[in-house]
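Dear colleague,

Please find the structure below, together with its sequence.

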Amino acid sequence: MGSYIARRILQSLLILLGISFLTFVLLYLIPADPARQIAGRSATVQTVENIREQLGLNLPFYQQYFRYLTGLVQGDLGRSYLQKTEVGELIVSRLPATLLLMLGAIVSELIIGLSMGLLAALKRNTAVDNGLMVLSFVGVSSPQFVIGILLLYVFAVQLGWFPIGGYGTFMHMVLPSLTLGFLGAGWYSRMMRSSMIDVLRQDFIRTARAKGLKRWQVLFGHAMPNAMLPIIAMIGIDIGLFMSGIVVVESVFGWPGIGQLAWQAIQRVDIPIIMGVTLVSAFAIVLGNFVADLIAPLIDPRIKLR
Amino acid sequence: MSQSMSAASTTAKTVLSVRELKTAVATPNGQKIVVDGLSFDLHEGETICIAGESGSGKSMTALSIMGLLPEPMARVAGGSIHLGERELTGLRESEMRSVRGDDIAMIFQEPMTSLNPVLTIGRQLREAVLAHESVSRREADRRALDAMKAVRLSEPERRMTQYPHELSGGMRQRVMIAMALACHPKVLIADEPTTALDVTIQAQILQLMRDLQKETGTAIILITHDMGVVAEMADRVIVMQHGKIVEDNDVLPLFENPRDPYTAELLAAVPKLGAMAGKDPANVHAGDMLSAKVLEVDDLTVRFDLKGGVLNRVVSRVHAVEGVSFELARGETLGLVGESGCGKSTIGKALMNLVPWEGSIRVSGEHVVKAKTAAADRAYRRNLQMVFQDPYASLDPRMTVGDLVGEPLIIHGLAKGQELQDRVAGLFHRVGLTPDQMRRHPHEFSGGQRQRICIARALALSPKVIIADESVSALDVSVQAQVLDLLKELQEEMGLAYLFISHDMAVVEQVSHRVAVMYIGQIVEMGTRRQIFENPQHPYTRKLMKAVPIPDPALRRGVFEVPSGEIPSPIMPLGHDVERVQFLDLGDRHLVAQS
Amino acid sequence: MEAGKGMSVSETVVQQAVVEPQERSVLRRLLARKLALFALVLIVVIVGAALFAPLVAPFDPNEQFFEGLTLEGAPLPPGAEFWLGTDLLGRDLLSRLIYGAQTSLIIGIVANGIAVAVGALVGILAGFFRGWVETILMRFTDLMMAFPALLLAITLAALFRPSLWIVAMVIAMVNWVQMARVVYTETRSLSEREFIVAERSMGAGTFRILFKHILPHLLSSIVVFGTLGISTTVLLEATLSYLGIGVQPPTPSWGNIIYENQTYFTSAPWLVFIPGIAIIALALGFNLLGDALREVLDPTQKGRH
Amino acid sequence: DDIKQGGSMIVTYKDDVSTLDPAIGYDWQNWSMIKSLFDGLMDYEPGTTNLMKDLAEDYTISDDGTVFTFKLREGVKFHNGREMTAEDVKYSLDRVTNPKTQSPGAGFFGSIKGFDEVAAGEAEGLSGVTVVDPYTVKIELSRPDATFLHVMAINFSSIVPKETVEEFGADFGKHPVGTGAFSLEDWTLGQHLIFKRNEDYWRAGVPKLDQITFEVGQEPIVALLRLQRGEADIPGDGIPPAKFLEVTQDDQYKDLIIEGGQLHTGYVTMNVKMPPFDKVEVRKAVNMAINKDRIIRIINGRAVAANQPLPPSMPGYDNNYEGYPFDPEAAKALLAEAGLPDGFETEIYVYNTDPNPRITQAIQADLAAIGIKAEIKALAQANVIAAGGEPDQAPMIWSGGMAWIADFPDPSNFYGPILGCSGAVKGGWNWSWYCNEELDAMATEADSITDPAKKAEREEMWRKIFISVMDDAAWAPVFHEQRYTMRSERLGGPDAIFVDPVHIPVNYDYVWAKDVQ
Ligand SMILES: Nc1ncnc2c1ncn2[C@@H]1O[C@H](COP(=O)(O)OP(=O)(O)OP(=O)(O)O)[C@@H](O)[C@H]1O
Ligand SMILES: Nc1ncnc2c1ncn2[C@@H]1O[C@H](COP(=O)(O)OP(=O)(O)OP(=O)(O)O)[C@@H](O)[C@H]1O
Ligand SMILES: [Mg+2]
Ligand SMILES: [Mg+2]
C-alpha cells in the first residue's frame, strides 16, 4: 500500500513534468510576443527589449524551461504578464469557486444520473426505460452552452427562481452545476443502467433473494455497492471532462473560477497563467484518478493496490 | 412410475409436495417447456437427488420451488408446490420472501460468485438471520457464529470479518451452507454444490451436509449430474431428461437395476474409479519401430515473478512447476492428476512454449530450444498440439469452424485452395462431423461437437503428441464418454501420444497407460495405471483416491475420511527455494516421492 | 462438366443460405429497434442535406440579403421568405444550417475517424505487445489524458491559425485518448483469452493474431466508440467555435452559428436554439445508432446456444 | 434637486481587473478606476476633453515651450495619511519611465530631458525633473512638446507615494495608494473590488458616493439583465449588441440610456509592404468597396461612417473632406488599373469576439463584390497584434476590439504609433506599415508648436497630414463608434460623466445616488 502510493506519486509527478514540458513547448511556439504585449502600444523598441530581458524571454528555450521548473519546484508559478499578480495567488483565489462548481456538478450528475439509471434498470425494456435513455442521450449530445443558456433563460430570466449568474449563495450554484452535470448525468445513467442490469443478473443477488431479503435490501444493500464500482472509476475521469466544460459554463454564468481565468489568459497569451492553470488542472485530473483508485478498494475489497 | 418408498420415508411426514410442475421459458422461437409435469414428495430427513444431463431442467425445478425463476423469461406454467399445507405457486413476492430462507433454503452451484464480493461474511450471514427473526443484532451475530461453527470453519470469529475473496472455494461453500442453515429451514435445496470444487474439498462438503442433516433433520434436495455424488448421498433418486422425470426410485434399486434405458445409459457413461482394476492398459503401438520416446521432459521448471514495491520490482515468485521430469512414448497416454493450482496447466503451456521455462524438452529426440525465431518456433509445434478445457472459449467465436480447423494448415503453409478444403473436410470426417457444418460458427454447435472441432484442429498438423488440458471436464458425462472414445480411437489409429491433464481421477484411470500425480508444482508419484490406482503409495495420492465418490450406493462409505486443511501455496518470497522431492523406485518404474 | 456446374451452383446456394441470414439479421435487428430506426432517419436526413446542400438549400448561405435585416439591423424571425429566419448579417439561417451540416459532418467523420484510427492503433499495440511498447504508449496516453483537452485544443488552434482542417486535426489530437484506453484494456483481456492462447499454441504469428483474431473482436467497440465520437467531436467543434477558435467565418458550422449569435438568445432565440437542436439531433442520431449497433454486434447477445 | 452625500453603486465588468498600479494599468476596466484612486498634475473637466489643473495649483511654461514649472496644491494627502509633495512627483515620473517598472506608458514621456538615459538603464532618474521646493516641480523637455500637458493628465503620470510602492513592490497594483477621491477597501480576486470614499479628498463635495462595488467576471448580457432587475447600476462594458435594440426601443429605459461620442475610429489596415497592397489603386479600391452604411446597420446604427483617421470631435478633423465614396464599379476599375481586373486572394485578420467577426464578414462580402477574395482569420487578440507587428504576416486587419481609442484628445496621439514610421517596425502598431518620412517630419514640426496662439496653425498641419494619409489610402476607415451606456434609475449625475470621453467609461467621482436618505 505504502509503496503503491509512493509509486503512484512518482508516476504522477512524471506526468506533470511531461505536461509542463509539452505546454511550455506549445506556448513557446505560439505566435505572440509577451514582451510586446506587456510593453503596450506606445512602447519603444528599447522598452520591449528591456522587458524581454527581464523576463528571460531572450534566453534559449531550454534555459527558459529550466528557469520555470526551478521556480515551480519552489512553489513559484511565476507572475502573470498582464495581470501583474502572482499566478499562484490568482489560481488560489479562483480555485475554491471551481472546486465548488465541480462538487455541485458531481453531486448533481450523480443524483440525476444514478437515479435515472436505477429506474431504467428496474423498468428494463419498458417505455419508462426507453424514455429515460433517450433523455440521457439528449444529455450526452447537448452542447453545454446551449443547455447553460437555456437554463439561464428559463429559470433565471423568465421564472426568476435563480439569480442570473454570479457567485456566492447556494442558489447561485444550482444552474451552473446542473449545466455541467447534465452531460455526466447522461453518461452515468447509462452506465448505472447497464452496470445494474449486470449486477442484478449475478449469482449473489439470487443468493440474497434466496435468503428472503426484502427488495430494497437486495437493491441497496447488495446490488448498489457492486454497481457503483465502475462509476467510482468514472468520477476520477470526470474531473478531466469538467475541465473542458468549466471554461464554457463559467463564462455563461459569470462564475469566478479558473476557467474564466484560463480563457482570459489564452485570449491575451498570458503564458504564466496558462501554464499554471494547465498544471493545476492536470494535477486535479491526476489526483482525481488517484483518489478514485484509492477509494476503489474501500468499496470493492477484492481490488488490491499493487 | 411407481413410488417406491424407503423405510425411512414411509413413516416421516411430507414436507414438500410437488405436483405436475410445469415451467416455461420464453425463447426467440416462442415458449419452451423446460420442466414438464414434475411430481415428487419430499419427506422429513430425506435426501432426494435429482440427476440428469445438462439442460434437463434440474436447476429450473429448484428455482421454481424457490420462486426465483429469472424474470421475465421464465415462469411456472402449471402444477402445484405444497410446502406443508401452503401452496407456493402464485404467492406474492412479499409472501414468498418469508418462505425463502426460513422454510426453504438454497445453496448454489458456484461458491465463487454466489456470495456478494463487497460485503463481509459476517454481514451476509447476519442478514439471513435478521430477515426472518426479529432478534437483536448481537443475537443475530451470535446465531451467525453458531452457524459458522456448525459448518466447522476454522477461526469462525475471524472469518466473520473477512470478505469472500479472502476465502478458498471450499470455505465459501461452507459459508453458503451456514447461511442456508442459519434459519433452520425445513427444506434445503443444493444445486450442484460441489461441482466447482476439488475432489478433496467436495468430500469434505458432502460429509458436512450429511452430518448436518443428521443433526437437524432437514430434508434435502440435491441436484447433481455426478452419479458418484448421487450414490454417496441419495435416499431416493429422480432422473430427469428433457424436463421430464424418466425414473424415480430408491437409490439402491436404481443403481442396481435401472428401469429406464436413459438411466442405464447415464450410469454406463459414468467413469467409475476402480472400474479398470486388474486390467492392464494396452498400448497398441507399444511394439512399433517408432515407439521410441516422442516426448522427453527433464527437470522442467516454471516460475512466475510477482512484482511490487515502489519501483515495481520482483518481490516474490510463484513456483508453479519445479523440476518435473517425465516421458511419453508413441501411442501412450500419460495422465497428469492433482488438485487445482498444482501446476498441471503450466506444464502444458511450457510444452507449448507459451510461458518461459527452464530445463529440457525433447520432441522426437530433438531438443526444443527456446525458439528465437518464429519459423523455428513453428517447426516443432507441428509435433505438439494442445486441446483446451473449454472448447467454446478456445475457438474464435467470429470465425467459421472450417476456417478454424484449416488455420494451422495455413499458418504452417501446408495447404491452400481446394486442397485445404479437402483436408479440412477430411478432418471433419475423422472426428465424426459432416463437412457441410464447416461454414457454421462455434456457437451453433453443442459442447461435444465443439470439442471435436478442437480435436480436429489439433490433428490438422498430424502431431505426434497432443496435450489435452482438462479437455473433457466441461462436458456432460455422456458426451464426455463419446469424446474419450474418439481420443482412444485416434490414438490406436495414428499412434498419438497424449498428455492427459485432469483432476478427475476416474477419467484418468479410464484413459491412461501411465499416471503422474502432482502436488504443488512437483510430481509426487508416477507409475503405470495399475501401480497408481491399485497400489497408491504416496499419502497424497491416497488422499485423492479416497476423496473420489464412488458411483455405487452399495459401496457407500459410512464416514468419509475427511481430509482437512488447505493446500499450501506455491508462492515464495524471493530467495527462498522449494525443496525438491527425491524419488524412490518401487520397482517397474513406480516412482514415489520420499517424505 | 454438367455435374461440376451443378455442384458449384448448389454450393453457392448453401453459402448464401448460411451467410445471408446472418448478415441480414444485423440490419434487420437494427431496423427492428424503433430507436435505431429513428436514429437512422435522423442521420439520413442530415447527411442527405449536407450532400445535396446546393440543391436543398433555398439560398446561398453567405449571401447577406438587404431585406434580411430590419432597418435597425435586427435579424428576421422565421417567416414565409426565410423559413427559419435570418442571422445578424441578414443571411438565411436554413441555408446556413444546411451548409453547416457539411462542416459538422466533416469534423465528425474526418476528425473522429483519425482519432479512432490513432486511438485503436495505439491501444491495440500497447495492449498486445506489453513491455516497453506498452510503457511508452500508455504513459503517453496517460499524459494526454491528464492534459486538459480543451486547453490543448485552444493552444493548438491558436498555434496553427484555425481552418476547417486544422480544427479537424486538433480535435483528432485530443480525442484519440479515450479510444486508446478502451482498445488497450480490451486488447489486454482479449490476448489473455483462451482462443488467442490456442492460436499462439498453433504457431500463429503476431500479425495474424492481431488482425485476424483480435481486431474483429474490437470492431464492435470501435464502431460504437466511433459513432459516439462523432457526436463528441461535433460538440467539441461547437465548443471551439463558441470560444471563437473553430471553423472560420463565413463558413457555417452549427457550432459557429450558435457562437455568433449566442448573446441574442433573448432577442433572436431562433438563432441559438434551432442550430442547438440540430446538433442535438445529429449527436442523438449517432449515439442511438452506436448504442443499437453495440447491442446488435455484441456476440454475447446472440447467446451460446 | 438636492444632492446628498452617501449611497453606493454596483458596476459590472466581464474581465478581471488586472492591476491598479497607475504606471501599468492600461485597459478598459482599470483606466477609470485608477483615475478615481489617483490624481495627476493635470486633469480634464468632468465629461469633457478640456484640460484643467488638478494637483497642480498652477503652472508656467517657458517661452520656448521646453520648461514647465508646476506649483503644487498644499495639504493634499495620500490615502495613507501623508502629505503629497514635489518629491512624490519626481519619484512618480522617475518610476514610470524606469524600465524596471515595465510601464506600457513610458513612451509618453519621451520628450522629458534624460528620458533616453533612463530608458537605456543608464540613469536612475530623469535629469529633466527637478524638485524646486516641496511644492514646486520643474520639468525640462528636450524638445518642445505641444501635448505635454495632456501627458501630465494621463494615468501614467499619477502621483504615487514612494514608501507604499516600496512596501508592496510588484504588488503595489493590488494595494494602490493615491490621492484620489476613492480608496481601495477590499479586493477579492476574480470577484469584486470595493472602493470607499476618501474622506480627506481635497476637492470639496467630491465624491458623492460612499462606496462603489465593481463586480467582475460578468458577461455583458448577464450584466444588463441584472441591471434591468435592479441588481446592478452600471454595465461597465456598455450595452451589449444583443440587447441594444431591445432596450433602446423600450420607453421604460429612454431616460436611462446615454449616448456619447468617443475618440474612436474603426479601420481596416492594408499592409503596404505586401503585394498587391503596395499599389495605391488597390488600397483605394478597398476604400471604395466597403459599404459603411450597411456595416453601421449591422451594429444597429451605433456609429457614424468614417472617411478619415481622426474622429470628428478631435481637433484637426476635416469637416470638408469627403473621403472615398462607396462605389464598387469605380473600385473594380481601379483594380483593373492596378493590373488586377479579376481581383486577388488575400486574408483579413480580426479579433475573435463579437461583433468583430461579423463586421469582417460584411467587409468580406463587400470585397468579394469587386473580386477580392479575403479569407477571414479570427484569432485571439494577442495573436492578431502579433501578426500585425510582422512585416509579412497580415495583409489586412480589421482593428475592431483593439482599435485606437485616443489616450488624450490630441491628433498627435492618432499618428505616431499607428501611422508613423516609428510604428512601422517589428512589433509595432502601424499594421499598415505605412511610412512617409515627409509626413513624419511634418508631425514633428506640428508637435513642437507649443504656443497656444498658434493652435489653429497646428491643427491645420495635422489636418493636412491625415488627409495625405488618406490620399495614400493607407487605411480604409469604416466608422467612429458612438458609446451607449445605461445607468440604473437610482443614479444621478450629468449625462456626460456616464460617457466621459476621458474617464472611460464613467467618471465615478461625480455620480450620486438618488436613494440616499
Ligand atoms: N433464462 C433462460 N432463458 C431461456 N432458457 C433457459 C433459461 N435458463 C435455462 N433455460 C433452458 O431451460 C432448460 C433447463 O435448464 P436448467 O438450467 O434447469 O438445466 P440443468 O438441468 O440445471 O442443467 P445444468 O446441469 O447444465 O445446470 C435448458 O434447456 C436451458 O437452455
Ligand atoms: N501467469 C501467471 N502468473 C503468475 N502465477 C501464475 C500464472 N499462471 C499460473 N500461475 C500460478 O501457478 C500455479 C499453477 O497454475 P496452473 O494453472 O498450472 O494450475 P492447474 O494445476 O492447472 O490448476 P487447475 O486445476 O485449477 O487448472 C497456480 O498457483 C497459479 O496461480
Ligand atoms: Mg443447473
Ligand atoms: Mg489448469
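**Chain A: overall build**

Read along its sequence, chain A follows the pattern α-α-α-α-α-α-α-α-α-α-α-α-α. This amounts to 13 helices and zero strands. Please bear in mind that the model is a predicted one.

The C-alpha trace of chain A spans about 85 × 55 × 30 Å along its principal axes. Of the 306 residues in chain A, 62% are buried. Among the contacts in chain A with a separation of 6 or more, 73% are accounted for by residues 24 or more positions apart.

Chain A is divided into two parts, domain 1 (20-73) and domain 2 (88-299). The C-alpha centres of these two domains of chain A lie 38 Å apart. Where they meet, ten residues of domain 1 of chain A are in contact with eight residues of domain 2 of chain A.

**Chains in the assembly**

Five pairs of chains touch, and the most contacts among them are between chains A and D. Chain B and chain D, by contrast, do not touch, and their nearest C-alpha atoms are 41 Å apart.

**Helix α4 of chain B**

I would draw your attention to helix α4 of chain B, which comprises residues 121-130. Eight of its ten residues are buried, so the helix is largely enclosed by the rest of the structure. The buried residues of α4(B) are B:Ile121, B:Gly122, B:Gln124, B:Leu125, B:Arg126, B:Glu127, B:Ala128 and B:Val129.

What do the buried residues of α4(B) pack against? Within chain B, their partners are α5 (137-150), α6 (156-160) and α7 (169-181). Chain A also takes part, through its helix α10 (215-227).

**The packing of α4(B) with α5(B)**

Two packed helices are described by the angle between their axes and the distance between the axes. The axes of α4(B) and α5(B) come within 8 Å and cross at roughly 110 degrees. Angles of 65 to 115 degrees count as roughly perpendicular, and α4(B) and α5(B) are therefore described in that way. Their crossing is right-handed.

On the α4(B) side, the contact is made by B:Ile121, B:Leu125, B:Arg126, B:Val129 and B:Leu130. On the α5(B) side, B:Arg137, B:Ala140, B:Asp141, B:Arg143, B:Ala144 and B:Met148 take part. The residues of this contact between α4(B) and α5(B) divide into seven nonpolar, no polar and four charged. B:Ile121, B:Leu125, B:Arg126 and B:Val129 of this contact are also among the buried residues of α4(B).

With kind regards

Key: Residues are numbered from 1 along each chain as its sequence is written. Chains are lettered from A and ligands numbered from 1 in the order in which they are written. This is a predicted model: local features need pLDDT of at least 70, side-chain atom pairs count only at pLDDT 80 or more; totals for chains, interfaces and linings use all residues. Side-chain values use heavy atoms; hydrogens and water are left out. Buried means under 20% relative accessible area, exposed over 50%, partly exposed in between (1.4 Å probe, protein chains only). Helices (H or I, at least four residues) and strands (E, at least two) are DSSP runs, numbered from the N terminus. Contact means heavy atoms within 4.5 Å. Axes are lines fitted to C-alpha atoms, for helices over the stretch in contact, and angles run from 0 to 180 degrees between N-to-C directions. Angles under 35 degrees count as roughly parallel, over 145 as roughly antiparallel, 65 to 115 as roughly perpendicular and the rest as oblique. A crossing is left-handed if the near helix is turned anticlockwise from the far one by less than a right angle, and right-handed if clockwise. Ala, Val, Leu, Ile, Met, Phe, Trp, Tyr, Cys and Pro count as nonpolar, Asp, Glu, Lys and Arg as charged, and the others, Gly among them, as polar. Domain bounds come from an automatic or database domain assignment.
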